[in-house]
Amino acid sequence: MSTKILPESEVRPRLSHGDDGDHERFSHYADKNKITESYITGVPIRALCGKVWTPSRDPKKYPVCPECKEIYEGLPKGDSGE
């Protein structure tokens, strides 16, 4: 039995869970309480589209993720008492 040594290669961490990298250019929808908690604790959260991230920037400066928006609009509306 012999052991092969693979050539060295650069390993980069996967910073986005999206396939195309577009997730970094959007603001995402997630539970408001979890967003606040994540800002305080630094623990990553999951957006409606599945992206896992730690909120750290002003979401008003970015367009809304189309996938998050589509999912949000498809959710049943809560009883607002109106």
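## A pocket and the residues around it

By class, 11 nonpolar, 4 polar and 3 charged residues make up the lining of the largest pocket, where Ala, Val, Leu, Ile, Met, Phe, Trp, Tyr, Cys and Pro count as nonpolar, Asp, Glu, Lys and Arg as charged, and the others, Gly among them, as polar. The space in this largest pocket comes to about 330 Å³, and of its 18 lining residues the closest to the centre are Ser27, His28, Trp53, Pro55 and Pro59. A pocket here is an open set of points on a 1 Å grid over the protein atoms alone, where a 1.4 Å probe fits and protein lies on both sides within 12 Å along at least five of seven lines, and lining residues have an atom within 4 Å of a point. Grid points are joined across faces, edges and corners, and the volume is the space filled by probe spheres set on the points.

The model is predicted, with local features needing pLDDT of at least 70 and side-chain atom pairs counting only at pLDDT 80 or more, while totals for chains, interfaces and linings use all residues. Residues are numbered from 1 along each chain as its sequence is written, and side-chain values use heavy atoms, with hydrogens and water left out.

The protein chain holds 2 helices and 2 strands, which follow one another from the N terminus as α-β-β-α; helices (H or I, at least four residues) and strands (E, at least two) are DSSP runs, numbered from the N terminus. Of its 82 residues, 18% count as buried, a term for under 20% relative accessible area, with exposed meaning over 50% and partly exposed in between (1.4 Å probe, protein chains only). Among contacts (heavy atoms within 4.5 Å) between residues at least 6 apart in sequence, 43% join residues at least 24 apart.

Helix α1 spans residues 32-41, and at its start a side-chain oxygen of aspartate 31 reaches to within 2.9 Å of the backbone nitrogen of asparagine 33. After α1 comes glycine 42, with a positive phi near 80°. Within the helix lies serine 38, which counts as buried because its relative accessible area is 1%. Beyond four places in sequence, serine 38 touches Val43, Pro44, Ile45, Thr54 and Pro55, and its C-alpha atom is 9.1 Å from that of tryptophan 53, 15 residues apart in sequence.

In the segment before α1 sits phenylalanine 26, which, not counting residues up to four places away in sequence, touches Arg57, Tyr62, Pro63, Val64, Cys65 and Pro66. The C-alpha atoms of tyrosine 62 and arginine 25 are 6.6 Å apart, although 37 residues separate the two along the chain. Tyrosine 62 counts as partly exposed because its relative accessibility is 33%.

Helix α2 contains tyrosine 72, which is likewise partly exposed, with a relative accessible area of 46%. Leaving aside neighbours within four places in sequence, tyrosine 72 is in contact with Tyr29, Leu48 and Lys77, and its C-alpha atom lies 9.4 Å from that of cysteine 49, 23 residues apart along the chain.

Methods
A polar contact is a pair of N or O atoms within 3.5 Å; within protein, one must be able to donate a hydrogen and the other to accept it, and residues adjacent in sequence count only if both atoms are side-chain atoms.
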